[in-house]
Amino acid sequence: MTESASYIFHADNLDRTAHLAVSLARYFEPGTVITLDGDLGAGKTAFSQAVARAIGVQHVVNSPTFTIIKEYEGNHLPFYHMDVYRLSQEEADELGLDEYFYGEGVTLVEWSSLIVDLLPPDRLSISIEHAGETERVFRLIPHGQPYVRWCTELKENGTLL
């Protein structure tokens, strides 16, 4: 697959992280897949929590490191939060992740680079990098037409660089 252009979002606090989540959530539809990568402590779970709040999840959202997948009900769409850090590619393959990826909700996969061969071709890949004590740089790479449109529109309205 040819890599798309990347888009940048700077967050200097959690409110800015939430702003990105809310901006993206306006586009969510059944089958949305967001992949999330970054070092330990980069803010993957904080971003996941912001996405959950943006779609109306009322429950506490924490990292599903040991349970692998947690399911939540949002206002209009279910939210499937995955953390595949402890899985091998073979173990992940046996979990039937396609049911989530092509299901009725929004799927967010932390540590997705560990299962890249199992990911759907259409998705929004986000990597988070430290840029200071509280600052983070989000690099968004859209794969597939809907995600390209989202990023293009968010760049046009000044949300993304």
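Predicted model: local features only at pLDDT ≥ 70, side-chain atom pairs only at ≥ 80, totals over all residues.
Me: How do you know that the span of helix α5 agrees with its number of residues?
Reply: Helix α5 covers residues 145–156, which makes 12 residues. At 1.5 Å a residue, they should span 16 Å. The end C-alpha atoms are 16 Å apart, so the two values agree.

Me: Which residues of α5 are buried?
Reply: Y147, W150, C151 and L154 are buried. They cover an arc of only 90 degrees around the axis, so they lie on the same side of α5.

Me: Why do residues three or four places apart point the same way in an α-helix?
Reply: Because an α-helix has 3.6 residues a turn.

Me: What is exposed on the other side of α5?
Reply: Q145 and E156 are exposed there.

Me: What covers the buried residues of α5?
Reply: The cover includes the strands β1 (7–11), β2 (32–38), β6 (123–130) and β7 (136–143). It also includes helix α1.

Me: Where is S23?
Reply: S23 is in helix α1, residues 14–25.

Me: Why is S23 called buried?
Reply: Its relative accessible area is 2%. Buried means under 20%, so S23 is buried.

Me: Which residues is S23 in contact with, leaving aside its neighbours within four places in sequence?
Reply: L154 and T159. L154 is one of the buried residues of α5.

Notes. Residues numbered from 1 in each chain as written. Heavy atoms only, no water. Helix = DSSP H or I, 4+ residues; strand = E, 2+ residues; numbered from the N terminus. Buried < 20%, exposed > 50% of the residue type's maximum accessible area, 1.4 Å probe, protein only. Contact = heavy atoms within 4.5 Å. Expected span 1.5 Å × (residues − 1). Arc of directions from axis to C-beta.
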